[in-house]
Amino acid sequence: MSFLEYLMHIHILGICGTFMASFALLAKSMGHKVTGSDQNVYPPMSEQLDGLQIKVFEGYSSAQLSPTPDLVIVGNAMSRGNECVEYILERKIPFISGPQWISENLLRDKFVFAVSGTHGKTSTASMLAHILIEAGYDPGFLIGGIPKNIGVSARFTDSEYFVIEADEYDTAFFDKRSKFIHYSPSVVMINNLEFDHADIFDSLCDIKKQFHHLLRILPNNGYVIINNSDENVKDVIDEGCWSNRLSYGVSDDLTWQYILKNSDGSEFHLLDRRDSKNVKDVEVTWSCLGEHNVQNAVSAASAAGLLGIESETISCALAGFQGVKRRMEILASHEDYVIYDDFAHHPTEIFKTLSSLREKIGNDQIIALIEPRSRTMQSGLHDKEMAKALSPADSVIWYEGQDVKRSMFVELKKAKAKVYFAASVSEIIQITRQIKTPKSNIVIMSNGDFSGLRELIKRELD
């Protein structure tokens, strides 16, 4: 019997992760009682859970599993030795991974758009969900962030269409397949591929293999949508593809083409060649920056086009797209400085984000505040690329708090930007205050909570 056939108490281990918090929202909207626990609780997902009145336990004491829930959803950050994990195994409490539960109870009868790739998944999935909503399709969705237009990271609806951010990270300690293998997609969107997640993948070849496995489960009447400029994505396709292919990019022989009107990506032409005898050229002026976001938008347009949505509707939706929380989100704007919050934690993301901002602001000052929090960043894998990634900034404050096990002092001496090292958040704020000039752009870059820096720096600079 499917777990969906009756309402239950579901407890989620690792509930504050972007995927699990979104999962919690879906499960609650389907009528289940939902509780959860996590070690690190911080916005924006903590705020979403608070708004849903979902009880969240701090830490993983087995006491939170009494009374015994009907089912435990085990997040992929959990491992053997965790007190709750050992408790559910000893007492044979039913457990399952989030991706498998979603597959069995929510996606089975849906037309699923799976948005994948190393960078831009959250933004692209948010754009696609927004376009479908504006076009009247009322899709369900699960996104690893909160689109500002929608206000939530997930939604359960009666629509046959579902948009899901399809992550290549592994599923759980008992299921080492990539999460996206569970999603039974009708459309796979692959934006780009680079080496990432060094804690679970040994090489780019390992990552390509997972994406090839994804293509192996895509039906022959399904579609794979790819960025025509990414050679790694093309390598995956060359390994074998049994479905319809759709490419987008700058070439005029593609079904969907874009032409930048402004170098900062704030204006572009979107060319729709679904009807080769009637090519449509619509202009988009929007609030997002960077060619990488334009590519995300054209990927979303390509997917929406499969449903017959007109390019004019797509361009209007993109023009009204407000972005995603923590993707160059403006935290504070004053006469002499602006503070941005960004999720970038990979050299490619950092470089593209800072370059886009540089294109927009010209010679005004950029100060990048960076927390090397991800496992890949801390592994040292990207050390040699980081100096170049920081080049669009004038100054960089690199956080080396107590959880940072290794110093980047030697590598970052090569950076074009002036680099400062800080051992605490208060030191970051102090340095920022000292080096800030009129018209400063302060960019906080981390995929974690950065020890509360976001709220502190707004208050302290004021």
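**Close-up 1. R91 and its salt-bridge partner E90.** In this predicted model, R91 is partly exposed, with a relative accessible area of 47%. Its partner in a salt bridge is E90, and their closest N and O atoms lie 3.1 Å apart. E90 itself counts as exposed, because its relative accessibility is 58% and the cut-off for exposed is over 50%. Side chains of opposite charge can pair when their charged atoms come close.

**Close-up 2. R80 meets E86.** Here you can find another salt bridge, this time between the side chains of R80 and E86, at 2.8 Å from N to O. R80 is exposed, with 55% relative accessible area.

**Close-up 3. D175 with R177.** Is D175 buried or exposed? D175 is buried, at a relative accessible area of 7%. D175 forms a salt bridge with R177, with 3.0 Å between the closest N and O atoms. R177 is partly exposed, at 43% relative accessibility. The structure holds 18 salt bridges in total.

**Close-up 4. The surroundings of I73 in the largest nonpolar core.** This core has 52 residues, and I73 is listed with I12, W101 and V224 as having the most contacts inside it. Helix 1, residues 18–29, gives the core its largest share, eight residues. Setting aside neighbours within four places in sequence, I73 is in contact with residues including I10, I12, L13, M20, F23, I96 and W101.

Close-up 5. In soluble globular proteins, nonpolar side chains tend to be buried together.

Definitions and conventions. Residues numbered from 1 in each chain as written. Predicted model: local features only at pLDDT ≥ 70, side-chain atom pairs only at ≥ 80, totals over all residues. Heavy atoms only, no water. Core = buried A, V, L, I, M, F, W, Y, C linked by side-chain atoms within 4.5 Å. Buried < 20%, exposed > 50% of the residue type's maximum accessible area, 1.4 Å probe, protein only. Helix = DSSP H or I, 4+ residues; strand = E, 2+ residues; numbered from the N terminus. Contact = heavy atoms within 4.5 Å. Salt bridge = Lys/Arg side-chain N within 4 Å of Asp/Glu carboxyl O.
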